[in-house]
Amino acid sequence: MHPRVSMWRRRHRDNNRDNNRDDQDNRNYVIVHASSSSSSSSVSGDSEEEELGFLEVQETDMKQLLPELGPMPEGLSPQQVIRRHILGSIVQSERSYVDSLRRILQDYRNPLMEMEPKVLSARKCQVVFFRVKEILQCHSMFQIALSSRVAEWDTAEKIGDLFVASFSKSMVLDVYSEYVNNFTGAMSLIKKACLTKPAFLEFLKKRQMGSVDRVTLYGLMVKPIQRFPQFILLLQDMLKNTPKGHADRLSLQLALTELETLAEKLNEQKRLADQLAEIQQLTKSISDRSSLHKLLTSGQRQLLLCETLTETVYGDRGQLIKSKERKVFLLNDMLVCANINFKPINTRGQLEISSLVPLGPKYIVKWNAALPQVQVVEVGQEGSGGNSAAQEKDHLVVQNVASKRHMPSSQASTHNKVYLGPPRLFQELQDLQKDLAVVEQITLLISTLHGTYQNLNMTVAQDWCLALQRLVRVKEEEIHSANKCRLRLLLPGKPDKSGRPISVMVVFITPNPLSKISWVNRLHLAKIALREENQPGWLCPEEDKKSKAPFRCPILVCRFSAFSSRALDLQLGAAVHSPVHSSLLGFSAVSTSLPQGYLWVGGGQDGAGGQVEIFSLNRCVPRTVKSFPVASRVLCVEYIPERNEAEKEEDGSPTAADQTLPAQPAICLGLQDGSILVYGSVDTGTQCLLTDKSPGHQPVLCLKHNADYIFAGLQDGTVAAFPRSNAGGLWDANVEPTLLTVGLAPVRTLLTLDDALWASCGNQITVFDAASLKAQQTFEAHPEAEASVTHAIKAGSGVWMAFLLGSSIRLFHTETLELLQEINVATRTTFALPGQKNVRVTSLLICQGLLWVGTDLGILVLLPVPRLEGIPKITGKGMVSLNGHCGPVEFLAVALSTLAPDILKSDKEEEDPAAEAPSEEEAEGSEGTESHHLSRGPRKKGVLLQYRLRSTTHLPGQRLSIREASPGPGTPAEHTEEDGSVYEMADDPDVWVRSRPCAREAHRKEISSLAVVSGGRGYRNVNPSGKLPANSETDSTLLMWQVPLIL
């Protein structure tokens, strides 16, 4: 057997263990027929369900029509064999899923509805099993279509279009979104019934014991939530083993697009439902007459973050006085802290169920503060060197009322400031550093001694220095560790008797470092979002033709001049981000800084000199670190990353000539006079590594690189290909480049794909082979000859293009070159600028599921696109910016940096590296290992259904499985640790309402910081009700948008 086939079969062997049971004689099949009324056999209570226009299903014995793969034909290629096995996994996975849905209805819902006396009312049954029947109907129809595809698989080998047809219907989204939104309430209702009705608990236990696989009701009902991620993973594997040119390849890519879009919409609807539920629960705990109640019920509040944190109070010597868990709510304009009002035992010593379910805990608001008045203070900022308002001792007194109550009166009267958290860590560090400086001076003095004295020599002095250096490092690590999970907030208090403002310090312990980073980042961006230019910053065209500000959108964090010299009228050319990991950037700055690195901006004057400006992004506001002139105007910039070690080893050892070129990232500039300049990183002095000229000194309009070449698109319609050297990643300036003829018009844009180079010339694109540099084919990107291609950007398996004329952008398939979608951007811009119909696209950018479109009107349009390897089709209405430039958006550049993984490790993880290994329970999925082993590969984050089961994972109940015997070493677990949690009550039932995050959620490998920069003339706000003045229309200005950290 081919090794790849064998490997794939081993990966999927455990997928089908739930499906290898003997076929039952009474297995039913589904006949679908049109019906306008509910099923005549429906049980009492179904009539209340809302009709969604589904086809009615009836069950009959048609076992022979179940999807079954026949014997494998001979002569199949290895990829065909793998695709056949993947199809078998899809079939068996779908069969198991449909069986699970039937079991929910037949083994649980129907008996509960028919049971006398009833242990669960018909109304509650309807809530618990809401939309299960409709989901079963959807997948029964899908199973029928799947059986026909399986029957003709060996002749057609097509399945992608079936997924597109089955799951692109709005009916599927409606049913699944209602099920997902109802899931938490259903589980809460089951939990309450288990705690209050022994007969119901006994019924569930008997049903589980009577099943073959011992899967609980929770294990069955969680499967619809897992279904689309499983489909996506299976189709990714199918696409990976489908060669280019195959009839099913484009259909599979479109199917991935549809499934990802469906999962994203479910995520968004679930997020909105959870946000509304949390705000409603908080509102219920507040008096109707309070001002906070009016604010929460106004409909203008959005919940950005909500988590249970531990508040700690320390004495002046660092002793822990008390700690208590609080629920903290971050709204778009305020921060609210509440006590969790949970009293598990009543006066008679009985468990108080009503405080637990079904809507969760009741809260008692402890305090609330407007966001502009909330400050984050890190350990070390409370000293005299900090920049917080807390340092203005003459005007501000920092107190903590809770800690003062525990201090002796004499001590409280002499201490205006209470040290919270690690006591005086930063002061102790400064003392050590001062002592070290003194000891170093003493060492120098000892070295001048002429005599020899006991215990007063250089050896002893050097030992003192080394010991103090070690203590300094230990103290720095203590400060770093203290910052990891310690959220210190400075809140406004009531003025004292003299009228001085009092600020109260509150310290929270977050569950993990990721949580701390998330809180600081969201607080930082939420305060920026309250600025006038961001109220609102974007408009979202809805189907009802109204506009509203979307919840998640980039925030305009700053605007600044592109060039430090304003004496010359410099035009913008291009910009690029050079990511640099700064070890000096502290843990606290990670959450509030822009993406680490430097922003290179180039421009100049036509026919005159050029200018390069370099900005540091390692703080909240960019600052110029270097500015220098160049011979001519900068037209394009390309960032060339450092080659990784694997590439260097493949190329072999460098030659002596190549060793002069440093192996480091480089910035390549293309100038109007044909010069190509290459500079090193800012950290190495920004030295010019290489200077070259294009053939014929033609202006360099665009630059791109791949592993072997650096390509320059020239004004005369040619592309110069410079072969990269094997050591430094640049090229030998003495070697003439290879010239590729594209056409007579300028080559305005280049695009490097895995195995091809796309070059534009006029309205046509020529595709070159990346290895041989030979032209393969040319296709027309626009029917009008004057509509030259100006921009091309790749995402997934598609390329979006913009043109010199018109307001449309077009999507082409990277493999078939087929036109897949065309969007008119003008229909979006009219929401911000009514009457402006003549719109031209001047820049394009794709990042993190958004297509950024810059226009000649100066405003931006954001359109949602999928993130997987599917087709990047526009899947929504998008957003239009109310902030923009006075002239065209000359360029869009993305700044993206990945934060170091060790930042996310807690102290426990650092001490115990073995803790990173997944446990047995984590390694197994509730439906075999189907989703587990498929997700072990390098998957892109943030695209699957991200429904978190916090509300059920930590419900009161021991993590039990009522198996009669524990599985042996070779027997894999059948379901997750949460399966038994809905049945038995825990010793500590308040763990439910505390909603502690899962351990598996706490461990993350990395997080990314993202910002987008636009360049153009001046700045303006097009909000009709806005009062912001516009900048000078002649100043080249940069606008920087930031999005929340990608967690």
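**A guided tour of the predicted model**

Select Cys553 to begin: this residue is partly exposed, at a relative accessible area of 21%. The terms for exposure rest on relative accessible area, computed with a 1.4 Å probe on protein chains only: buried is under 20%, exposed is over 50%, and partly exposed lies in between. Cys688, at 39% relative accessibility, is likewise partly exposed. The structure holds zero disulfides, a disulfide being a pair of cysteine sulfur atoms within 2.5 Å.

The model is predicted, so local features are reported only at pLDDT of at least 70 and side-chain atom pairs only at pLDDT 80 or more, whereas totals for chains, interfaces and linings use all residues. Residues are numbered from 1 along each chain as its sequence is written, and side-chain values use heavy atoms, with hydrogens and water left out.

**The whole chain**

Display the whole protein and colour it by pLDDT, the predictor's confidence in each residue on a scale from 0 to 100. The average is 75, and 70% of the residues score at least 70. The secondary structure comprises 26 helices and 43 strands; these are DSSP runs numbered from the N terminus, with helices (H or I) of at least four residues and strands (E) of at least two. Of the 1047 residues, 54% are buried. Among contacts (heavy atoms within 4.5 Å) with a separation of 6 or more, 68% join residues 24 or more positions apart.

Select residues 78-114, which form helix 2. Its 37 residues reach 53 Å from the first C-alpha to the last, close to the expected 54 Å; the expected span is 1.5 Å times one less than the number of residues. Helix 2 is mostly covered, with 29 of its 37 residues buried.

Move on to Glu116 and Pro117, which are joined by a cis peptide bond with omega of about -5°. Pro117 is in the loop between helix 2 and helix 3. A further cis peptide bond joins Gln535 and Pro536, with omega of about -10°. Pro536 belongs to the loop between helix 17 (513-529) and strand 11 (538-541).

**The nonpolar cores**

Next, select Phe129, Ile159, Phe163 and Met221, the residues with the most contacts inside the largest nonpolar core, which has 68 residues. Such a core is a set of buried Ala, Val, Leu, Ile, Met, Phe, Trp, Tyr and Cys residues joined through side-chain atoms within 4.5 Å. Which residues does Phe129 touch, not counting those up to four places away in sequence? They are Ile104, Tyr108, Arg109, Leu112, Leu217 and Met221. Apart from this core lies another, of 24 residues, among them Leu525, Val557, Val601 and Ala895.

**Salt bridges**

Show the charged side chains. The model has 19 salt bridges, each a side-chain nitrogen of Lys or Arg within 4 Å of a carboxyl oxygen of Asp or Glu.

Centre the view on Arg131, which is buried at 0% relative accessibility. Arg131 forms a salt bridge with Glu134, the closest N and O atoms being 3.3 Å apart; Glu134 is buried as well, at 7%. Arg131 also meets Glu178 in a salt bridge, at 2.5 Å from N to O. Arg131 lies in the loop between helix 3 (122-128) and helix 4 (132-151) and Glu178 in helix 7 (residues 170-196), so this pair ties together parts 47 residues apart in sequence. Glu178 is partly exposed, at 24% relative accessibility.

Then select Asp237 and Lys240, whose salt bridge has an N to O distance of 3.9 Å. The two residues are separated by about one helical turn, because they stand three residues apart in helix 10 (residues 223-240). Is each end buried or exposed? Asp237 is buried, at 2%, whereas Lys240 is exposed, at 55%. Salt bridges that share partners also join Arg83, Glu157 and Asp248 into one network.

**Residues with positive phi**

Glu157 has a positive phi of about 50° although it is not a glycine. Glu157 is placed in the loop between helix 5 (153-156) and helix 6 (160-167), and is buried at 9% relative accessibility. Arg214 has a positive phi near 60° and lies in the loop between helix 8 (198-210) and helix 9 (217-221).

Finish with residues 350-360, where pLDDT stays under 50 and the model has 28 contacts beyond four places in sequence. Over residues 910-1004, pLDDT also stays under 50, with 204 such contacts in the model. Where pLDDT is low, the predicted coordinates should not be read in detail.
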